[in-house]
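Trainee: Could you walk me through this one? I have the sequence and the model open.

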Amino acid sequence: ERTKGRPLAALDETLAPGEGRNDHKDLIAADARHVLHPWADLSAMSDEDALVVQDAKGVHVQDSEGKTYLDAIGGMWCMTVGYGRDELVDAMADQARKMTYYTPFGDVSSEPAARLAQKLAELSPGDLNRVHFTTCGSTAIDSAVRIAHYYHASQGQPERRHVLSRKNAYHGSTYLAASLCGKAADRTLFQYEKDFVHHLSSPGYDADIAEESSEQRLAELLAEMEAKIEELGPETVAAFVAEPILASGGVLVPPEGYQKATRELCAKHGILYISDEVVTGFGRLGHFFASEVRFGIVPDMIITAKGITSGYQPLGAVLISDRIADAIGESAPENKPVFSNGYTYSGHPVACATALKNIEIMEREDIPGHVREVGPYFMKRLRELTDLPIVYTVRGDHLMACVECWTGEEAGPTAKNMALAQRVDSYCQSAGLLVRPYENLCILSPPLIVGRAQIDKIVTILEDALLRAAKDLA
Ligand code: PLP
């Protein structure tokens with residue numbers, strides 16, 4: 001399948017047929033009674049239908065009844081090198097045996113954290129040579145906004161506090177990260193930060209269904225952003241936070257040139273550009289970071305998490321430009337205030353050792369190159385589904401994609417369309433394929449080692465599920 005690079009070790013590994021567990025029912029009952037799941041429908045919590053995953057290898061996972069699935073969710077955007085890689089498990093164990101944990105506060109470091117920061121500086125674009133480690137993507141977003149505020153204040157501009165985000169954005173689940181999220185349906189019952197967070201329009205542009213040209217759409221988005229900056233006062237805006245392609249908001253791809261134009265607008269007004277590459281980074285678009293290579297921009301900060309460890313360990317990081325880090329350092333007064341941000345588990349040694357090994361495997365097996373090869377094939381095969389009766393559109397880029405469902409009446413996340421996507425999801429699951437239902441979308445983000453034969457299998461099962469769901473409608 002591969003025409004260049006070394007063979008992918010885990011590509012063809014499948015799980016042996018599993019044994020169901022005797023305690024399967026106990027596990028489900030314990031879960032239903034006691035676990036408050038993240039991002040779950042609370043009204044559906046007692047229906048005891050949780051999927052308890054007990055085993056995983058390559059691109060497959062197995063549940064506690066011994067049923068194997070091809071995981072086209074990639075453990076939720078995380079999985080790069082595949083499940084169950086002994087090399088990674090050994091790296092984790094070696095570090096745990098050597099030195100599991102010590103505080104990272106102040107000027108205390110660990111070998112894995114120092115080496116990983118050096119490696120990330122090598123992989124990142126431009127002068128993004130400083131790394132602030134966090135525990136996940138949400139805490140990295142939170143930290144980046146704090147760094148932006150701290151930087152501006154250190155430059156004598158404490159009035160720069162407004163932060164621009166976009167509708168449909170997803171940036172995580174700390175209170176500030178959640179405030180930056182822009183999905184209306186998620187903004188329930190909580191008290192979000194309204195004082196300094198502002199949402200611009202969602203920048204998604206889908207040429208297959210759009211009524212306007214890409215240039216028109218881009219011009220509108222830029223005019224809106226410029227107007228918002230003027231309204232707030234350019235000297236009061238601290239940062240713009242943006243996923244290059246919006247992931248969990250529905251795999252929304254902005255019009256051509258959007259990232260570059262927004263970056264230029266930020267630079268013009270002294271606004272820091274924070275690129276959230278939690279999903280687009282670490283190979284999903286075919287590069288360690290997509291900002292520069294794919295979109296032609298060097299942001300002021302890049303956020304990474306998930307794929308940095310292939311999800312084997314929790315870890316997040318903010319990559320910061322020397323320009324900003326140096327300016328903070330140089331302008332600090334004699335009795336300089338402490339940069340009071342960080343977590344007990346920032347740069348956890350076991351997580352950093354895992355990330356280093358993950359990067360080593362990705363480089364050795366040229367996984368970004370593999371994605372550049374299979375990504376277009378994945379999108380081409382998925383786009384073949386566009387003509388099916390309940391498919392409204394298919395969109396995405398390399399190994400991040402979604403199929404948008406509709407009943408043929410009204411497009412969008414209506415109750416009927418969402419029920420339809422759920423039905424597609426459960427047909428897929430029965431046939432041994434995990435896709436992620438989100439509103440009226442089926443989101444796909446397979447492990448990056450996915451091969452062409454597995455892509456064919458994903459598309460075949462999905463097509464069958466879509467046809468069955470369409471038949472149910474008739
Ligand atoms: N940013 C983006 C683009 C994400 O997709 C996510 C999670 O899905 C986050 C941030 C938050 O990351 P975490 O769940 O690790 O806190």
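Mentor: Let's start with burial: a residue is buried if 20 or more other C-beta atoms lie within 10 Å of its own, exposed if 12 or fewer, and partly exposed in between, with C-beta atoms placed from the backbone. This is a predicted model, where local features need pLDDT of at least 70, side-chain atom pairs count only at pLDDT 80 or more, and totals for chains, interfaces and linings use all residues. Residues are numbered from 1 along each chain as its sequence is written.

Trainee: Is K306 buried or exposed?

Mentor: K306 sits in the loop between β9 (301–304) and β10 (316–320); strands (E, at least two residues) and helices (H or I, at least four) are DSSP runs, numbered from the N terminus. K306 has a positive phi of about 40° although it is not a glycine. It has 27 C-beta neighbours inside 10 Å, so K306 counts as buried.

Trainee: And W39, buried or exposed?

Mentor: W39 is also not a glycine, yet it has a positive phi of about 50°. Its loop runs between α1 (24–34) and β1 (53–57). With 9 C-beta neighbours inside 10 Å, W39 is exposed.

Trainee: Which way do α3 and α11 run relative to each other?

Mentor: Helix α3 (residues 86–98) packs on helix α11 (residues 349–364) at about 150°, and their axes are 9 Å apart. Axes here are lines fitted to C-alpha atoms, for helices over the stretch in contact, and angles run from 0 to 180 degrees between N-to-C directions. Angles under 35 degrees count as roughly parallel, over 145 as roughly antiparallel, 65 to 115 as roughly perpendicular and the rest as oblique. That is why α3 and α11 are roughly antiparallel.

Trainee: What classes of residue make up the contact of α3 with α11?

Mentor: Two residues are in contact if their C-beta atoms, placed from the backbone, lie within 7 Å. On the α3 side you'll find E87, L88, A91, M92, Q95 and A96, meeting P349, V350, A353, T354, K357, N358 and I361 in α11. Ala, Val, Leu, Ile, Met, Phe, Trp, Tyr, Cys and Pro count as nonpolar, Asp, Glu, Lys and Arg as charged, and the others, Gly among them, as polar. By class, the contact of α3 with α11 has eight nonpolar, three polar and two charged residues.

Trainee: How does α4 sit against α11?

Mentor: The axes of helix α4 (residues 111–123) and α11 come within 8 Å, crossing at roughly 40°. Among the residues that meet are P112 and L116 in α4, with C352 and L356 in α11. Given that angle, α4 and α11 are therefore oblique.

Trainee: Which residues does K260 touch, leaving aside its neighbours within four places in sequence?

Mentor: K260 is in helix α8 (residues 258–269), and it is exposed, with 12 other C-beta atoms within 10 Å. K260 and V298 are 38 residues apart in sequence but 9.1 Å apart in space, C-alpha to C-alpha. Setting aside those sequence neighbours, K260 is in contact with F295, G296 and I297.
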